[in-house]
Amino acid sequence: MELYKLTGHELLKKLSSKEITSEDISLALKKRIKETDPRVKAYVRTDKSGTEAKRIEARDNSALKGIPVSIKDNICTDGLNTECSSRILTGFKPPYDATVIKKLKVSGASILDLKTNMDEFAFGSSTENSFFGPTRNPWNLECVPGGSSGGSAAAVASDEAIMALGSDTGGSIRQPASFCGVVGLKPTYGRVSRYGLIAFASSLDQIGPITKDTEDSALLMNIISGHDPFDSTSACVDVPDYTKSLGMDIKGLKIAIPKEYFVEGLDPQVKSSIEEAINELKKLGAEIKEVSLPHSEYAVPVYYIIATAEASSNLARFDGVQYGFRAEDSRSKDESKLISMYKDTRGQGFGQEAKRRIILGTFVLSHGYYDAYYLRALKVRTLIKEDFDAVFKEFDCIVTPTAPTAAFKIGEKIEDPLRMYLSDIYTISANLSGIPAISVPCGFTKNDLPVGLQILAKPFGEETLFRVAHTYEQNTPWHKRRPTL
Amino acid sequence: MAITKETVEYVAHLARIQLEEHELEKLSAQLKSILDFIDQLKKLEVSNIKPTSHILPINNVLREDTRGESLAVEKTLMNAPRKEGNFFVVPKVIE
């Protein structure tokens, strides 16, 4: 029995019956990572780390009983390097744990000693913008795993992780989950504490689970959700037991299909998988109806104003003073030595996409352009939110493709940022509206690349997501397929 | 609205990012095409729409003004590229 292949809930059963110990799992996973990660490259700094799951003495009654969880490189882990896959955070060891890490530890999780790869500061949709080099898609090593949580998604898909955490600002959990054939959930804004998540765009960021199936997703959500006094945007809303939503049927559930998501740009193979999935949901008893989200086409431009504006402000803290990389010998001599140090540190420490976004964000916030860009984007954000509010008055959830295509080739879009940005066209609206959304596997293309189905619900409607996703999953074979590595 | 190379250079300075000449060329062209794309927002009439900066109804969150736990100096400084005693070291500011 290869333990690394199992899901968290399957391992929990074996741990409960004392058939195995958590150490058995850690050893199996360690071996798997050693064998396959040189090809997949889901983890970073593998040369510097011992690949040990930091074992804590798991109590028998703890929720996770010592099961290892893999963590994206932008979530702070006390004393364990957290570098956002960026040169500018080289060597950074957080002096504290993010709230989600604290909660996982309290629940008996082992936090893996290795972090998962990502686009630098979560800027990207392919994990190619990592200072450590790209992660590869386990289904086809020539393809990207999606991004920015590409490392977490690839690790779960290749059985190099039992379960993982990622972060999602415009699709960074769902799009890689779709590309890698795993389950990825972006919770409602405020559902999960962002304390200790290195900020990209504070009004959009959420941490969420990337798992092999929906039951594991619900298990992790039970642990990481809830109000946190250290995050003033976290919501004081009770956390239900999400596993209770599993196994409920979807008879009579009202599902909306937005017509704007099925237009030009949607790959025909993805489209046919989604249509089959919608038929399946219908067979399972859901009522399906087409609706309109009229402002959908504006989501990407709104996002690239708001997200870059917030990023330009959040990333001002990386200045070579408190942590990370500092350029020591200033080359630009025309200003004070301090300003030269800042400029050289940031010029050398950030990669191309980070520079592009910081400069764009600074521009849209600058005097004379604020009203034309930033303020206008905030107003269109209102319109996008109102589109969703209107649909949720009548429907329980919305179903769409997660991404317009399956995984693309490494290098295919990296030189054309605008084309890359459009790969998040279906995921961005959920962040702008603060609503929860899940991606579940729903088929494969002719080339054996996974396709993802996205389900969206109203704020704090995660239970509906689990109900629909789990019912669909239990009646389809897709989540059981694994890549050959 | 067209973004010029001079504007990019100036904004990069505001953002405290030193760009090499080839980066400046490439970024100016890329930012121009991104801004052209973003300009489709101008099609919408938004004068009567309220801006959304917070997606959920959140009011000011206050707590009692009491002392809590904080990081020790040693931990605060442990990641500093340069430090001396209890201080971060930066290049000389006053000549």
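Select A:Pro68 and A:Ser110. A:Ser110 sits in S4(A) and is the bridge partner of A:Pro68. You are looking at a predicted model.

**Stop 1: the strand pair**

S3(A) covers residues 68–72, and S4(A) covers residues 110–116. The two pair in the parallel sense, over 4 bridges.

Now trace the chain between them. From S3(A) it passes through helix H3 of chain A, residues 99–106, and on to S4(A). This is a β-α-β crossover, and it is right-handed.

**Stop 2**

**Stop 3: the faces of S3(A)**

Keep S3(A) selected and show side chains. Which residues lie on each side of the strand? On one side are A:Pro68, A:Ser70 and A:Lys72. On the other are A:Val69 and A:Ile71. Both faces are covered, with every one of these residues buried. The count for the strand is 5 of 5 residues buried.

Two residues from earlier stops return here. A:Pro68, the bridge partner of A:Ser110, is buried.

**Stop 4: chain B on its own**

Chain B holds 3 helices and 2 strands. Read along the sequence, the order is α-α-α-β-β.

Zoom out to see the whole chain. Its C-alpha atoms fill a box of roughly 55 × 45 × 25 Å along the principal axes. How does the radius of gyration of chain B stand against that of a compact globule of 95 residues? Chain B has 23 Å, whereas such a globule would have a value near 12 Å. Colour by burial next: buried residues make up 19% of the 95 in chain B.

**Stop 5: where the chains meet**

Bring chain A back. Select the residues in contact across the two chains. Chain A gives 56 residues and chain B gives 43.

On the chain B side, the elements that give two or more residues are helix H1 (5–14) and helix H2 (21–38). Select H2(B): the largest share of this side, 7 residues, comes from there.

Finally, colour the chain B side by residue class. What is the make-up of the side that touches chain A? There are 29 nonpolar residues, 8 polar and 6 charged.

Methods. Residues are numbered from 1 along each chain as its sequence is written. Chains are lettered from A and ligands numbered from 1 in the order in which they are written. This is a predicted model: local features need pLDDT of at least 70, side-chain atom pairs count only at pLDDT 80 or more; totals for chains, interfaces and linings use all residues. Two residues are in contact if their C-beta atoms, placed from the backbone, lie within 7 Å. Ala, Val, Leu, Ile, Met, Phe, Trp, Tyr, Cys and Pro count as nonpolar, Asp, Glu, Lys and Arg as charged, and the others, Gly among them, as polar. A residue is buried if 20 or more other C-beta atoms lie within 10 Å of its own, exposed if 12 or fewer, and partly exposed in between; C-beta atoms are placed from the backbone. Two strands pair if DSSP finds at least two bridges between them. A crossover is right-handed if, with the strands pointing away from the viewer, the path from the first strand over the helix to the second runs clockwise. The radius of gyration is taken over C-alpha atoms; the globule rule is 2.2 Å times the number of residues to the power 0.38.
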